[in-house]
Amino acid sequence: MTITARQTKLLHVAKRQIGLDDETYRLALVKIAGVTTSKDLTQEGFTAVMGVFEYCGFRPFEASGKSYGKRKGFATPAQVELIRTLWMEIHRGRALDEDALNGWLLKFHKVSSLRFLTEGAAPKVITGLKAWKSRAK
């Protein structure tokens, strides 16, 4: 099975972050995974290549969303991060899907995005997510 488009993007981010030119990148693919292009990589090959890239200094970014800062009358940055963390825990640690979270917020709390979540509504959202998490166990 070949790798996903998201994994391909991650490879190219890693390539750029550790400063590989195209020729060196392709040579690494050949030496590590036996392929000449990322489109031919298997999951095992992807894991091997990423392991080498991490050894060379690649550090993936944390899966956190945008920070909206402190704004009077709106949810604090700590509340926003807690909501994102709870959302990821409920979804078994998968990458943050901001669109799905925003859809849930709209359906159950009548707010289209975390950036519009008010100071008074944030504790209700957190309580709802904690209850969902306890039921999901």
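First, the ground rules. This is a predicted model, where local features need pLDDT of at least 70, side-chain atom pairs count only at pLDDT 80 or more, and totals for chains, interfaces and linings use all residues. Residues are numbered from 1 along each chain as its sequence is written, and side-chain values use heavy atoms, with hydrogens and water left out.

Now the layout. The protein chain splits into domain 1 (5-56) and domain 2 (77-136). Those bounds come from an automatic or database domain assignment. The C-alpha centres of the two domains lie 34 Å apart.

On to the cores. A nonpolar core is a set of buried Ala, Val, Leu, Ile, Met, Phe, Trp, Tyr and Cys residues joined through side-chain atoms within 4.5 Å. Buried means under 20% relative accessible area, exposed means over 50%, and partly exposed is in between (1.4 Å probe, protein chains only). The largest core has 18 residues, and Ile83, Leu117 and Leu129 have the most contacts inside it. Helix 4 (77-90), helix 5 and helix 6 each give two or more residues to this core. Helix 4 gives the most, with six. Helices here are DSSP runs (H or I, at least four residues), numbered from the N terminus. A second, separate core has 13 residues, including Leu11 and Phe58.

Next, charges. How many salt bridges does the structure hold? Four. A salt bridge is a side-chain nitrogen of Lys or Arg within 4 Å of a carboxyl oxygen of Asp or Glu. Take lysine 15 and aspartate 22, at 2.4 Å, N to O. Lysine 15 is buried, because its relative accessible area is 13%. Aspartate 22 is at 47%, so it counts as partly exposed.

Arginine 84 pairs with glutamate 81 at 3.4 Å, N to O. Both lie in helix 4, three residues apart, about one turn of the helix. Arginine 84 is buried, at 1%. Glu81, Arg84 and Glu98 are linked in a network of salt bridges.

Lysine 133 meets glutamate 89 at 2.5 Å, N to O. That pair links helix 6 to helix 4, across 44 residues.

Last, serine 113. Where does serine 113 lie? In the loop between helix 5 (98-109) and helix 6 (122-136). Is serine 113 buried or exposed? At 8% relative accessibility, serine 113 counts as buried. Leaving aside neighbours within four places in sequence, serine 113 is in contact (heavy atoms within 4.5 Å) with Tyr68, Asn102 and Leu105.
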